[in-house]
Amino acid sequence: EREQLTAVAGAGLSLVELENGVPCYAAAAPRPGRPEVLFAARMHARKRPVAFVDMAKKLLEAGVDAKFTLIGHDEGEGPALRAALRGERHITWEGALSLDEIPARLAAAQVYVLPSVGEPHPMSVLEAMSVGLPVVVTDDCGLAPLVERSGCGIVTAPTVSALVAAVGSILADRTRARAMGERGRRTVHSQFGMREIGDRLMQTYTHVADGHRCAR
């Protein structure tokens with residue numbers, strides 16, 4: 001968008017990047033039993049739900065004791081996803097949830113994984129961070145620098161083997177996973193909370209308005 005706006009208005013255009021805000025959701029609580037690895041996004045080719053399933057199969061084959069769940073409506077990957085899930089007991093696709101149901105469903109999991117490529121600013125990752133889940137994203141995700149900088153998860157190559165290694169390492173150390181989740185929650189609330197984003201928006205509008213008044 002920045003490149004397109006500059007192409008139309010010229011290089012002297014003054015641009016301010018404003019992120020999407022995230023509500024302050026209730027924190028995930030430690031749960032006994034088998035951990036759940038969650039994918040909550042559209043079943044679209046860019047989101048790569050089948051790669052999530054392939055990753056889950058390899059982890060289960062390696063003896064990892066976890067369950068893997070996909071949540072979201074079908075946007076073209078449904079047939080391939082159903083074929084990949086055939087015969088699997090520990091990997092399920094629950095279908096779509098309403099937006100109001102997503103935060104509580106995220107809080108019931110232990111790890112959030114989004115293996116998508118070419119993803120500019122995935123809100124599902126910020127929502128997972130907001131409830132305190134460690135996140136796994138690929139290295140071309142727009143939020144990858146934030147994840148690395150805050151230490152709230154793992155940024156990895158988009159290959160299945162790299163995803164397996166990342167998720168496996170988080171599942172193997174719950175203390176580390178909990179620390180990642182806490183850092184993610186603090187980061188989102190301090191940088192992407194609705195109040196913070198609203199204040200930034202008001203400051204931007206005030207700055208522009210003051211500039212117009214001075215120019216008169």
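**Grounds for the description**

Helix 7 (residues 160–171) lies across strand 1, strand 4, strand 5 and strand 6, and runs at about 165 degrees to strand 6. This is a predicted model, in which local features need pLDDT of at least 70 and side-chain atom pairs count only at pLDDT 80 or more, while totals for chains, interfaces and linings use all residues. Residues are numbered from 1 along each chain as its sequence is written, and side-chain values use heavy atoms, with hydrogens and water left out.

Q: What makes a stretch of the protein a helix or a strand, and how many of each are there?
A: Helices (H or I, at least four residues) and strands (E, at least two) are DSSP runs, numbered from the N terminus. The protein has nine helices and six strands.

Q: How is the angle of about 165 degrees between helix 7 and strand 6 defined?
A: Axes are lines fitted to C-alpha atoms, for helices over the stretch in contact, and angles run from 0 to 180 degrees between N-to-C directions. Contact itself means heavy atoms within 4.5 Å.

Q: Why is S161 called exposed?
A: S161 lies in helix 7. Residues are buried under 20% relative accessible area, exposed over 50%, and partly exposed in between (1.4 Å probe, protein chains only). S161 has 52% relative accessibility and therefore counts as exposed. Between S161 and L59 there are 102 residues in sequence and 9.7 Å in space, C-alpha to C-alpha.

Q: Why is T187 called buried?
A: T187 belongs to helix 8. Its relative accessibility is 10%, so T187 counts as buried. Leaving aside residues up to four places away in sequence, T187 touches M129, L146, S150 and F192.

Q: What makes the six strands a sheet, and what is their order?
A: Two strands pair if DSSP finds at least two bridges between them. The six strands form an open sheet in the order 3-2-1-4-5-6, with parallel pairing. At the edges are strand 3 (91–93) and strand 6 (153–156), each of which pairs on one side only. From one strand to the next, the twist averages 20 degrees.

Q: How do you know that strand 4 and strand 5 pair?
A: Strand 4 (residues 111–114) and strand 5 (residues 135–138) share three bridges in the parallel sense, and the criterion asks for at least two. V113 has V136 of strand 5 as its bridge partner. Strand 1 and strand 2 are also paired in the parallel sense, over five bridges, and E36 stands opposite K67 in strand 2.

Q: Which strands does helix 2 touch?
A: Helix 2 (residues 49–61) packs on the sheet and touches strand 1 (36–40), strand 2 (67–71), strand 3 and strand 4. The direction of helix 2 makes about 170 degrees with that of strand 2.

Q: What makes strand 1 a mostly covered strand?
A: Five of the five residues of strand 1 are buried.

Q: What makes helix 5 mostly covered, and what covers it?
A: Of the nine residues of helix 5 (residues 123–131), eight are buried. Among them are V125, L126 and M129. The cover of these buried residues includes strand 1, helix 4 (102–107), strand 4, strand 5, helix 6 (144–150) and helix 8 (174–191). After helix 5 comes G132, with a positive phi near 100 degrees.

Q: What is noted about the phi of R48?
A: R48 has a positive phi, near 60 degrees, and is a residue other than glycine. Most residues other than glycine have a negative phi. R48 is placed in the loop between strand 1 and helix 2.

Q: What share of the protein is buried?
A: Of the 216 residues in the protein, 42% are buried.
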